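Subject: structure handover

Hi,

Here is the model I said I'd pass on. Have a look at it first, and my notes follow below.

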Amino acid sequence: MNLTIEQNDTLTWHLACQASDVPEDGGVCALIEGRQVAIFNFARRVEWYATDNECPHRQQMALSRGMIGSQGGEPKVACPFHKKTFSLQTGKCLSDEEYGINTYAVKVENGLVYVAL
Amino acid sequence: MNTNKTKRIVVVGNGMVGYKFCEKLLSRIESQAESHFDYQVTVFGEEPRAAYDRVHLSSYFEGKSADDLLLAPVSWYEENAISLYLSDPVVAIDREARTVRSHHGHVVDYDYLVLATGSGAFVPPISGVEKEGVFVYRTIEDLEMMDLYAKRARKGAVIGGGLLGLEAAKALLDLGMFEAHVVEFAPRLMPRQIDAAGSDLLKNQLEELGLHVHLSKSTREITGEDCIDGLQFEDGEKLDVDMLVISAGIRPRDELARHAGLETHPRGGIVVNERLQTTDPAIYAIGECALAHHMIYGLVAPGYEMADVVVTQLMGGEKDFKPYDMSTKLKLIGVDVASFGDPFIEEPACRTIRYENKAKGVYKRINISEDGKHLLGGILIGDAEQYNMLLQACKNKTILPPDAEDLILGLRGGEEAGAGVMSLPDEALICSCEAITKQMLCHEVEVNGQTTIETLKKSTKACTGCGGCTPLVKDLIQGVMKAQGLYVRNIICEHFDYSRQELLDLVKMNDLRTYNTVLDKFGTGDGCETCKPVVASLLASLWNENVLEKGRAPVQDSNDRFLANLQKGGTYSVVPRIPGGEITPEKLIVIGAVAQKYGLYTKITGGQRIDMFGAHLGDLPAIWEELIAAGFESGHAYGKALRTVKSCVGTTWCRYGVQDAVSFAVRVENRYKGLRSPHKLKSAVSGCTRECAEAQSKDFGIIATEKGWNLYVCGNGGTKPQHAQLLATDVDDETCIKLIDRFLMFYIKTAEPLMRTAPWLNKMEGGITYLKAVVVGDVLGIAEELEREIQALINVYECEWKKVVETPELRKQFTHFVNAPAKKDPTIAFEELRGQKRAKEWA
Ligand code: SRM
Ligand SMILES: Cc1cc2nc3c(=O)[nH]c(=O)nc-3n(C[C@H](O)[C@H](O)[C@H](O)COP(=O)(O)OP(=O)(O)OC[C@H]3O[C@@H](n4cnc5c(N)ncnc54)[C@H](O)[C@@H]3O)c2cc1C
Ligand code: SF4
Ligand code: FES
């Protein structure tokens, strides 16, 4: 069900999944254009985020299985492997500067989740 | 020698030991009613007053009068027919005639002469010592003179940082000096009693009390016209002072003996043999003037022992003076200082345990024989409560308990939280992944103010590897912060301003069952990876409902989230429960078949069961479906929950077994399976004292006896192994279960997150004694409640994997790609290893 909607020259919105597939305050991994994208339903804040699924620390495909939360108001995800945490807004590693992940725009329309790559 | 029955004894010196000699002699004569001899005792004292308590000389400045310090009033000597001459030193001894002559011209005959002339202050040959305002600190007269002079002085100093020098420094403070300095030649204070670390701590304490301490300083000159106005040091520095006390050591008063031709030591002291006889057998020397066993005993206790030795001989008995233990305990300016046995012996000749708490001003060191059996010596500063116990253990060569640190940490209680790790040596490797020592971490916390795990991870990389060191690092942070006097409350994280125990009570009282309701009611913000698993764990401990239901899945820790251990490479492991390690061939075949079908690596674990590694997330439900169909249940290898109850074969097969260890292990494991707790729980049952199941390394371990079971609790493997401690002896099956019920529930309710039972006990005020009182003796009156609570959890147990396998909504969560459920993670890769497969190395 890889439906593509044209947005502007740079970003393309891809349908990822149904909103109800993503657990509240949790994440899932979607395969989009051959890329693993982690999608988070931050229900407490009524916000959605998308990032790389791969953790740059040991290249584990696991960020979607990580716990989300906040640090001083900044939304973040903790890698389940060694608990490195990343800002969901900027992708910056909050526990170790060396690392960073890509973040992607997400939108939910009519119960469907779209990610812009 | 005169032939009549009266023995004439002359005592030269009426100091502490001379007095004690008289006192002991009299009491011995009294108790020997049928005494054949009469004694005639004459005492000469150089000082104007009768013997007083020199040890407490300083209390003169705290308001005690000279009379208060007297050991006995002059009337006491009269009542006991002792002729006492004060202010009348003996100036000569005629050994031929056996007489002494005093300054005032009294000549007295003796049969036995006892020299108890003590010592005087040693004054080093520094130019200017004769100036006004320079004192020594030995007699009440010295104090009176200081008292007078102090009225026009504002800054005082003491030369000498030994025991007496520090006392004198205290006196300067008491005399109202604006500044009081201690100048010590050696690099540390009290060099004879304490080590460098002890000295550092003492120095801090004393400086807090207003003393200025100068170490490694030697004084060249005392400057000033007639009166002192300063000190000139060898290093060129100067110190302005208008009063000085010299306390650079003692010099035995041996001049009288020397003039009488008795042997004295070139560096001072009247040489005596084991009987304390000088080279003239009729003359004894005791106290600080005597050189016995090649040393001067500058303390009062050995002096008193010497008095006893001589009295015993005079009364016809036999007694030798043995080398005396120089252990001391004293209060210096309000700081306890004790030193015993051999305080300085170093590794590798011994094992040394040190404990330091700077904020409290406590430093403890004990030296233990290489084999760990005996206490060789030690140092206590700031808290010398255990001194007597330790001194006893040291003197009597008592066999020490296996955890020798208990000796100085006492009943390791809440106060000293973190003492366990704080007592580790500086170079102890805390994080072995990143090779980070305790010292490096303490430095970060202390100097760079990194007081959270997060910031420490950044600055040191500790806890970033396997994470196994996290609890130790937490303890270290707390230990250091406490040592700095900072109040540490164990709150969960920025989102919950409660300790785990507080939150558990709140959640229970409010009957909350999901993370979000707990956060809404008692937290702030959105939660994080610290508080989520904590709350998840306490919800599980309170209600034992399926961890993945009601939106609880995303708050579970990595492993609980998918009911399996997340492995390197992103696969999971599968560990079915094998209670007691007992398994039928049929079940073994099923494990083999499942592993083969799903391509899993198999290994026998250290917990007597079989682990299957390398399972894809999406395969987990199917794998478990097959295992469950064959009668297996979840092994909770992923949870902070009961893991294994290991067993040995016991009476089932073993010729030594005294109880049926396997049956009991199976019963125990089945009772507590699925029980979630602050950290994982392990147990074992051994069929006899040979302990093949290693029960004493478990959170609760059971060892068979002829009469029943011995129950041990709070053992731990892991980073800091610790043996379990005995909770109950010779109990029957039912009692044993009941005690475990109470013990486990008490632990679940009171431990901090991720705290195993061993550190929990270590932090418990009152230690095992208290735990016993609660669990066995029910002092808190909660035993019944604990039993009820755990029974409620046991009643609702359900294999959580069975539930997942049977519930489509739960099962659905076990996919790697939400939009391609059948597809496996293509990045997962394996290598071949000895006929099986293994996870590929980290990239
Ligand atoms: C499989 C096994 C090693 C083996 O091949 O034998 C093992 C493997 C792991 N141990 Fe262990 N431990 C295993 C027995 C032990 C033992 C020995 C025992 O239980 O008799 C110990 C020491 C005893 C103890 O716990 O006091 C042990 C002390 C630890 C520790 C340190 C605990 C501590 O208190 O410091 C950890 C880290 C933790 O739990 O935080 C740990 C954690 C782990 C984890 C779960 C790390 C992780 O999160 O991935 C390992 C992965 C297991 C997996 O994927 O299934 N493992 N681990 C053993 C499984 C036993 C079982 O059947 O359940
Ligand atoms: C300030 C201070 C604090 C101390 N604190 C401690 C402590 O905490 N613990 C501890 O164990 N010890 C302590 N000591 C040491 C303790 O006081 C001595 O070990 C003890 O007093 C020794 O007793 P003594 O009889 O041998 O000598 P002294 O008590 O010195 O008595 C000897 C007496 O003999 C007199 N004398 C000397 N020559 C003659 C002579 N020819 N004729 C007649 N009389 C003579 C002297 O004037 C003196 O009065 C302290 C000492 C001082 C000064
Ligand atoms: S199995 Fe245990 S000891 Fe071995 S590497 Fe993993 S955590 Fe460390
Ligand atoms: S792989 Fe993510 S923290 Fe190590």
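This is a predicted model: local features need pLDDT of at least 70, side-chain atom pairs count only at pLDDT 80 or more; totals for chains, interfaces and linings use all residues.

One term before the notes: I call a residue buried under 20% relative accessible area, exposed over 50%, and partly exposed in between, using a 1.4 Å probe and protein chains only.

Residues are numbered from 1 along each chain as its sequence is written, chains are lettered from A and ligands numbered from 1 in the order in which they are written, and side-chain values use heavy atoms, with hydrogens and water left out.

**The annotated site**

Let's start with B:C692, where UniProt, in an unreviewed entry, places the feature "binding site". UniProt positions are in the numbering used here, feature names are shortened, and annotations may be inferred rather than shown by experiment. B:C692 sits in the loop between β34 (681-686) and β35 (700-704) of chain B. Helices (H or I, at least four residues) and strands (E, at least two) are DSSP runs here, numbered from the N terminus. Why does B:C692 count as exposed? Because its relative accessible area is 63%. Contact means heavy atoms within 4.5 Å. Setting aside neighbours within four places in sequence, B:C692 has contacts with B:C648 and B:S686.

For the angles: axes are lines fitted to C-alpha atoms, for helices over the stretch in contact, and angles run from 0 to 180 degrees between N-to-C directions. Angles under 35 degrees count as roughly parallel, over 145 as roughly antiparallel, 65 to 115 as roughly perpendicular, and the rest as oblique.

Take α19 (residues 585-598) and α20 (residues 620-629) of chain B: their axes come within 10 Å and cross at roughly 160°. That is why α19(B) and α20(B) count as roughly antiparallel to each other. The crossing of α19(B) and α20(B) is right-handed; a crossing gets that label if the near helix is turned clockwise from the far one by less than a right angle, and left-handed if anticlockwise. On the α19(B) side the contact is made by B:V590, B:I591, B:V594, B:K597 and B:Y598, and on the α20(B) side by B:A622, B:I623, B:E626 and B:L627. By class, the residues of this α19(B) and α20(B) contact are seven nonpolar, no polar and two charged. The classes are nonpolar for Ala, Val, Leu, Ile, Met, Phe, Trp, Tyr, Cys and Pro, charged for Asp, Glu, Lys and Arg, and polar for the others, Gly among them.

The other pair is α22 (residues 733-750) and α25 (residues 783-795) of chain B, with axes 8 Å apart and an angle of about 85°. So α22(B) and α25(B) are roughly perpendicular to each other. Among the residues in this contact are B:R742, B:M745 and B:F746 of α22(B), and B:L786, B:I790 and B:L793 of α25(B). The α22(B) and α25(B) contact has seven nonpolar, no polar and seven charged residues.

Most residues other than glycine have a negative phi, and most peptide bonds are trans. Which residues go against that here?

- A:D25 has a positive phi, near 60°. A:D25 is in the loop between β2 (12-18) and β3 (26-32) of chain A, and counts as buried at 7% relative accessibility.
- B:R98 is not a glycine, yet its phi is positive at about 55°. B:R98 lies in the loop between β4 and β5 (99-102) of chain B, partly exposed at 26% relative accessible area.
- The peptide bond from B:E347 to B:P348 is cis, with omega near 10°. B:P348 is in the loop between β23 (335-341) and β24 (350-357) of chain B.

B:R54 is in the loop between β2 (38-44) and α2 (66-69) of chain B and is buried, at 17% relative accessibility. Beyond residues up to four places away in sequence, B:R54 touches B:G15, B:M16, B:E47, B:R138 and B:T139.

B:A92, in strand β4 (residues 90-94) of chain B, is partly exposed at 22%.

Finally, chain A has zero helices and 12 strands, and buried residues make up 57% of its 117 residues.

Cheers
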